[in-house]
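Hi,

Here is the structure I promised to send over. Have a look at it first, and then read on for what turned up.

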There are 2 protein chains.
Amino acid sequence: MSFQSADTDAVSINTIRVLAADTVAKSNSGHPGAPMGMAPAAHILFSRFVTANPKSSHWINRDRFVLSNGHACVLQYILLHLLGYKVSIDDLKAFRQIGSLTPGHPEAGHTDGIEVTTGPLGQGFANGVGLAIAQAHLGAVYNKDGFDLITNYTYVFTGDGCLMEGVASEAASIAGHLQLGNLIVVYDDNHISIDGDTKIAFTENVEQRFLSYGWQVLHVDDGDTDLEAIYNAIAEGRKEKNKPTIIRLRTTIGYGSKQQGTHGVHGSPLKPDDIQALKTKFGFDAAATFAVPDAVTKAYADAAKRGAVAEFEWNSLFEKYAEKYPKEHAELARRISGELPTGWEKSLPVYTPADPAQASRKLSEIVLQAITPVLPDLLGGSADLTGSNLTRVKNIVDFQPPSTGLGTYAGIYVRYGVREHAMGAIMNGIAAYGGIIPFAGTFLNFVSYAAGAVRLSALSQHQVIWVATHDSIGLGEDGPTHQPIETAIHFRALPNLHFWRPADGNETSAAYYVALKSKKTPSIISLSRQNLPNLEGATIDKAARGGYVLHEVEKEDLTIVSTGSEVSIAVEAAGILEKEGIKTRVVSLPCWGVFDAQDEQYRLSVLRSGAPILSLEAYSTAGWQKYSHEQFGLTGWGASGPYKKLYEKFGITGPNIADIGKKVVEFYKKRGGAVVSPLIKAF
Amino acid sequence: MSFQSADTDAVSINTIRVLAADTVAKSNSGHPGAPMGMAPAAHILFSRFVTANPKSSHWINRDRFVLSNGHACVLQYILLHLLGYKVSIDDLKAFRQIGSLTPGHPEAGHTDGIEVTTGPLGQGFANGVGLAIAQAHLGAVYNKDGFDLITNYTYVFTGDGCLMEGVASEAASIAGHLQLGNLIVVYDDNHISIDGDTKIAFTENVEQRFLSYGWQVLHVDDGDTDLEAIYNAIAEGRKEKNKPTIIRLRTTIGYGSKQQGTHGVHGSPLKPDDIQALKTKFGFDAAATFAVPDAVTKAYADAAKRGAVAEFEWNSLFEKYAEKYPKEHAELARRISGELPTGWEKSLPVYTPADPAQASRKLSEIVLQAITPVLPDLLGGSADLTGSNLTRVKNIVDFQPPSTGLGTYAGIYVRYGVREHAMGAIMNGIAAYGGIIPFAGTFLNFVSYAAGAVRLSALSQHQVIWVATHDSIGLGEDGPTHQPIETAIHFRALPNLHFWRPADGNETSAAYYVALKSKKTPSIISLSRQNLPNLEGATIDKAARGGYVLHEVEKEDLTIVSTGSEVSIAVEAAGILEKEGIKTRVVSLPCWGVFDAQDEQYRLSVLRSGAPILSLEAYSTAGWQKYSHEQFGLTGWGASGPYKKLYEKFGITGPNIADIGKKVVEFYKKRGGAVVSPLIKAF
Ligand SMILES: [Ca+2]
Ligand SMILES: [Ca+2]
């Protein structure tokens, strides 16, 4: 099809521009420039191409739209309003106000029609790559001859800021490698960033860079008025099935404003007289605000209808699919619903203390090996540490473009390369798509490279699982550059994130059990390089509560609370102390967040009053004061050496912890008075 | 000069290969493959080009060498040994053992001759950009006609892994923009990464990508044996004065091993028979280990001598400079020494409570404006948030290539673009160079994008200052995507990092005072967007201790401890409580790390026993239990809205904190018994 102009094009575009100015002026906060500049591309994209049903915003085969330059969210809110999503004019008027559906940056799960949370620059771009991976994967698994069920496009709008970010560079490189043909990025090349003209810091040749990644690169010289060129570029992008496409769109930021083309329109409202002039220029009533001409309402209703019809047709196709491919239909329907298959958890490995000691990264591999056959929802990967993370189970196929001969899009293992940040943001996109549970490995220390993506997993409620191996000084020789100190408390302090540090086989199974059941919470599973014994008293059920009494005694003198590889050392210390008549309980606390969600009675039964509680973990002790009276951990950096010697060097051995425990007991005896659980608080 | 082959070239290269195999075999841990593959390039570089004096490893104009693929550090340790740095054969034998000078990855400040800490991939590449910026800057400021004082090259070796990392992409883009002619990167294109052949995840056209950034791009097809081509490429790189150079060097990983060219030689020792065969093939005694032929010793002594002579000549040039440019000489000598100018601190602004309320980001700008004239050591910047971070003082020049017309290399403000991670790593390189104190701004929330670089600042003891504005829900409308929750405790838990959160003008001056005096510690100064009153009782001296009693009363019922923008709210709450007869002290704790370093008596006088202590901060309460009995903060994400309304929504107001304070007082009264300072511990 070729471009057909419509009478309503100009007025639609100008309506978006005027609404953007009105919305930012009303809130007296926000970014009008990019929405005004990208209005033509947005209009062409949504009026001609995007197929999605605003009345059914979770339809699996909808086209995905990502506004990577999320500060321009007024644009997206306006589009959602015009298309008939649950965003009203009143919502636009409440832009950036507490409790509104129109917060300062788009938040997935908060506003109808928002696919992913954007604003932190570069994230949306990488999310788009994830959305496109999910489409390619589900399409390859479930599409059949005559049943093109999963065929949607992912459209991403991006500005200069996103393209300067490393996370976007990483994602662009892997997207090119993966030949993601259904990904189309529109780059708003307006030559303006917050500091002014992009020539002060961003003079690379963006087109050449994307060519180097293997993308189709197009450009539109006049993104302000050449609607046909915009249309043709997007159409070209859709035609190219073996490469992602980026369209460099030359636009004028704040088009229509007296200050257009300057960074004066980037991040603050237009002045009242400027808005009035804008309205007059575009043929609007200068006195009216938030006006939407009927013709525009109608044009967008037509676009919405295209989506509704498409979903209707898809649904009948899916019914026919049920007849011909009942198994696949049931599985896809289940995956779309987010339910796990009945009984999947029976595949989780269970251990007894007689089972041999193993590294928890190995125990993780055993879990993955056991559940992969019953959980087709999983899409694994690693940031080039597969053999160390043990994330790739046997007899599977890689997710690769078929032309590489290295795998297929139906493959369930992604070779992310050494790109941790993009891996995190891509997993967010995959999770946002639906039907897939992404997991991926790197060293725990390098999950920090992806901190920006991890916090958005948590904020956006994306079920993403990090297999974070080599999780302490226990990694040994690689030394302090690779040994996390601050990492656990960093992630424990994030709302809605489960940081797991299992101590043995059953706890590792528990971590996966809860992580896979937590549909709206990301998890980081912190795993050891070194072998850990299977513990007496550890069960999946107990560990699934986040914390539990591993070793119980009555009228204890001391409780040691610990996690992961240090729990067995706590048990050893307790044994030494008990021989000396100091009754010692041991509590394992593999996941603070899950433990905190247990009822108070349970929590107080685990970390009870009556005797001092000593925490033990081979990290910074920061945060442990919440659960203990005294803390033992690392007071500085780790070191390079064989791990057993490191544990000795840092005093994390049974005998030394027993000595510390004695000091704690004596100290509280001397002090006198009741020893109250640290969980008992004033408010 | 053209390439002159030497009799000792082959034996030198093979000595490096054999020593690499021996060293990794002895430790039974490490990476022999890349050192063996890069031995020819390393040999040509050090024997022909690098000018540095091993006996004087801090000479300012030495060529800098960075091994960005730090896992190949055996190569660097061997070179340091051969050149005569303080790395002995015994040190090589102690590779990856506790306390050795040869840890698992190179650590700056730990091993003589190591410029920057590498291993976390991509960091070294970006450090190299920082080192080159420092050279360009100091050269532009101090070089005079006939006095080419600062002219050194920065050489970086990198592997595929580093080039996949976003931090390196960001750094490469800004390096191209900045036209850093003295930066030469050698890319070890061995087609192997940990997961196997790079074709599984890294198929971009690296040469084209670097061309897009504006680099000179060269390649050597046979990096294993074509020494002349290696020489010529490096020589070309040195000749090009307006572009950084990358040389793609095709090598065979593990060259000489039976397993050469496979990832089998990447990360584990060669087998004994393989090492024996290697030695035989290269004409070494198969039974001898750690052998260095005399000819090789001699060749490297000659290279070292070249550096010693160069330093000698430089010193006499510098003496002549003293005569002709005494002021510049004194200043540069002082800067090289790391001393600050006498009396600089007198320029720090001082406030009284009568001074108007201001945002602490503004107070930070006032500090920078005041100290810039007396501290030429400063090199500022921002990740494209200059107008928000307020990091650029008036009447200065940008650090830019003169050809852009936008500044000069003598300029003291770097436009980093939206590249937080590279900015952090580049600052590490600048600090490592010496003579410069780098600082740079972004929102506190996006310092997390640079977490990988921040932890290496701390580990490497680089004096780097982050101007981290918009530091809480106080940023208001931008919403939870931009409002840090976990960030403070993340960075507080890092050893050797000062996380400052000043409450007013004097505390802001104190933060800069300590940050600038801390030559071996990085600082993050967390600053508000919103206005803060100047507090009665706050002084620079007191705040410089990290924590102090802001408002003292005898026999208090309660102490409220707080930081930054919440301190004035604590003061307001104390006022309300005192009217109700509840005597309330207020403690300001702007920097935990600095406070922790005070003597015990002082700390116990600030957070004393006798009454409960309540902490107040608009973040996760994680970690505050160390300093308080009860904690008030955010229990989840922030929200988008005007900041005053947000503070109300989250209960961070004087009246609500007074209510909470009452609950705390009642709770501890009811509980009875002594209330002991949380600082008093058992061990
Ligand atoms: Ca822009
Ligand atoms: Ca490689």
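Before the metal site, a word on terms: donors here are N, O and S atoms within 3.2 Å of the metal when that metal is Ca, and water is not among the atoms, so sites may look incomplete. Keep in mind too that this is a predicted model.

So, which residues hold the calcium ion (ligand 2)? The donors are Asp160(B) through OD, Asn190(B) through OD1 and Ile192(B) through O, at 2.2 to 2.5 Å. Along the sequence, these donor residues follow the spacing D-x29-N-x1-I. Asp160(B) belongs to helix α6 (residues 160-164) of chain B and Ile192(B) to strand β4 (residues 192-193) of chain B, so this pair ties together parts that lie 32 residues apart in sequence. Asp160(B) is buried, at a relative accessible area of 4%, and Ile192(B) is buried as well, at 9%.

Now the two chains. Chain B can be laid on chain A by a turn of 180° with a shift of 0.0 Å along the axis, giving an RMSD of 0.0 Å. That is how a two-fold axis relates copies. Both copies use the same surface: 100% of the contact residues of chain B recur in chain A.

Last, the core. Nonpolar side chains tend to be buried together in soluble globular proteins. In this model the largest nonpolar core has 332 residues, and Trp215(A) and Trp215(B) have the most contacts inside it. Leaving out residues up to four places away in sequence, Trp215(A) touches, among others, Phe125(A), Leu183(A), Val185(A), Phe210(A) and Ile246(A). Lys243(A) and Thr245(A) are also among the residues Trp215(A) touches.

Cheers

Technical notes
Residues numbered from 1 in each chain as written. Chains lettered and ligands numbered in written order. Predicted model: local features only at pLDDT ≥ 70, side-chain atom pairs only at ≥ 80, totals over all residues. Heavy atoms only, no water. Core = buried A, V, L, I, M, F, W, Y, C linked by side-chain atoms within 4.5 Å. Buried < 20%, exposed > 50% of the residue type's maximum accessible area, 1.4 Å probe, protein only. Contact = heavy atoms within 4.5 Å. Donors = N, O, S within 2.8 Å, 3.2 Å for Na, K, Ca; no water. Helix = DSSP H or I, 4+ residues; strand = E, 2+ residues; numbered from the N terminus. Least-squares fit on C-alpha atoms with pLDDT ≥ 70 in both.
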